[in-house]
Amino acid sequence: YRIQSDKKVCSVHPLEQATFQCLGCIKAKVPTSKSYHCSSRCFSDAWQHHRVLHDRAANAINENGAEEEEIYGQNTSMNNGSTSVYPAAIVERTGGEISFEIGRSKKYTPTVDDIGHVLRFECAAVDAETKLPVGQVKAILTSRVIPAPTPTPRRLLPVNGSDMMGHLDLDGRTASSGTFTVLSYNILAELSATSESYSYCPSWALSWPYRRQNLLREIVGYRADILCLQEVQSDHFEEFFAPELDKHGYQALYKKKTTEIYNGIAHAIDGCATFFRRDRFSHVKKYEVEFNKAAQSLVDTLNPSISKKTALSRLLKDNVALIAVLEAKFSNHAADTPGKRQLLCVANTHVNVNQDLKDVKLWQVHTLLKGLEKIAASAEIPMLVCGDFNSIPGSAPHSLLAMGKVDPIHPDLSIDPFLIVRPLSKLTHQLPLVSAYSSFARMSRGLGLEQQRMRMDPSTNEPLFTYCSRDFFCTVDYIFYTADSLTVESLLELLDEENLRKDTALPSPEWSSDHIALLAEFRCKSSVSRPRR
């Protein structure tokens, strides 16, 4: 039932205020809710149906025993075969509450007409033979129905030299296509989405039951072949994301952080989740990187004068990375070796957030890259490095990723109390990594690309922001790829900062995380010849 907040609503048009009442209904003891109309024209048009209510009332009084709801609650046909103009079952309850029936099913999806109203859901056991209710009717009330979020769709724009505008319709790609898409998205764990941190976001939009459905709708809508999600709570992975994305054809891998955080209700812990479409990839191998374990090994090599306990207290931050080796099930048209297995290595990580621990951030990124180098040494394999690195463009971790080295005089290197990133000469790697979104800055042609370049920082060739709160916009999320083995075909367009600021900040009713999703389409090159930097 939809509950009307005002008792005086039109019995024919329930969304209209009543301005006319049938006194004949009052004399005939017809329920008051049936007597209201929004205008004299409404009453006149409905008269042939309305007068039947008077007749029924008279018959009911004569028969002395029929129930009001039975008489007035059914939307029956008239003798002439026409259908009543009245909505299904209008009920006036004790206390003056008026509601009218909008469905008879175990599930109901609110409509536009329900917006602003409270819904009542009633359930009763029914005798299978007599069809009569058994026992008391149980009822629950919802909060007021609100409009569904309508975020502006984000387009997939080609960056490979095409002049045509792309659209987010990846279903059009055939399974034999040599391209694939990768999404990286920090979804904001429930344990972090507190009203204290995000007081500007309505509490209902911040609640997990709302956000999880909104996030799922967004993620599924991108139709990516590979999903790299960060801040996925272990209980949410097991109870929601894994089973729900399984319905959409995704296989799941997960690595949770190494320490649980008490959130006031139960122990919860977040981590990195990687999903891939089973019809596009198969799982070959999984590597789990626990930076805490690497820290234990590192402190054993530090100068004896350094307190291991103190060093560990700085290094043990529970962050992790998940590395998946996948095999493509689609053919690569550019391949010059038909029949050869097309492998792909995908790293998904969430680096420590503390801005005072610049040495720890850099060490975590360096540790991950060294692990990827070992995998690259064992096989010629394209690589993707995705995640929330909690490091802005130009920072030491970003420089290490994008440039393969860090300038010895970089200001971030001044913070290293336990010499964990010394000697500085070790801060290198040989992977030819390039940021996917830097392709927007390099392109000079293509519809829509000029607008995207305006959303890029020309000094770093990175987006102006991937994280957005009320007081802070910055870029911390990236998709890096090995440029000797992969090419970027398309990128998901960036959001406009000015428009987001009009909507206050993230998260919001439309966007359920404080980060924005990044998505890139790649194609494997014909062969890999990995030069040293």
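## Helix packing

Helix α6 crosses helix α7 in a right-handed manner (a crossing is right-handed if the near helix is turned clockwise from the far one by less than a right angle, and left-handed if anticlockwise). The model is predicted: local features require pLDDT of at least 70 and side-chain atom pairs pLDDT 80 or more, whereas totals for chains, interfaces and linings use all residues. Residues are numbered from 1 along each chain as its sequence is written, and side-chain values use heavy atoms, with hydrogens and water left out.

Helix α6 covers residues 208-222 and helix α7 residues 234-246; they pack at an angle of about 35°, with their axes 11 Å apart. Axes are lines fitted to C-alpha atoms, for helices over the stretch in contact, and angles run from 0 to 180 degrees between N-to-C directions. Helices (H or I, at least four residues) and strands (E, at least two) are DSSP runs, numbered from the N terminus.

On α6 the contact (heavy atoms within 4.5 Å) is made by Trp208, Arg212, Gln213, Leu216, Ile219 and Val220, and on α7 by His236, Phe240, Phe241, Glu244 and Leu245. By class, seven of these residues are nonpolar, two polar and two charged; Ala, Val, Leu, Ile, Met, Phe, Trp, Tyr, Cys and Pro count as nonpolar, Asp, Glu, Lys and Arg as charged, and the others, Gly among them, as polar.

## Backbone geometry

Most residues other than glycine have a negative phi, and most peptide bonds are trans. Leu188, in the loop between β9 (179-186) and α5 (203-206), has a positive phi near 65°. Leu188 is buried, at a relative accessible area of 1% (buried means under 20%, exposed over 50%, partly exposed in between, with a 1.4 Å probe and protein chains only).

Asn461 also has a positive phi, of about 60°, and belongs to the loop between β20 (456-457) and β21 (462-463). Asn461 is partly exposed, at 30% relative accessibility. A cis peptide bond, with omega about -5°, joins Arg422 and Pro423; Pro423 is in the loop between α11 (396-403) and β19 (433-435).

## Aromatic rings

Rings of Phe, Tyr and Trp (its six-membered ring) pair if their centres lie within 6.5 Å; planes under 30 degrees apart count as stacked, over 60 as edge-to-face and the rest as tilted. The count by this rule is 20 aromatic pairs. Phe180 and Phe281 form an edge-to-face pair, because their ring centres are 5.8 Å apart and their planes lie at 90°. This pair links strand β9 with strand β15 (residues 281-290), across 101 residues. Phe180 is buried at 1% relative accessibility, and Phe281 is buried at 2%.

Ring pairs link Phe180, Phe281, Phe330, Tyr481 and Phe522 into a cluster.
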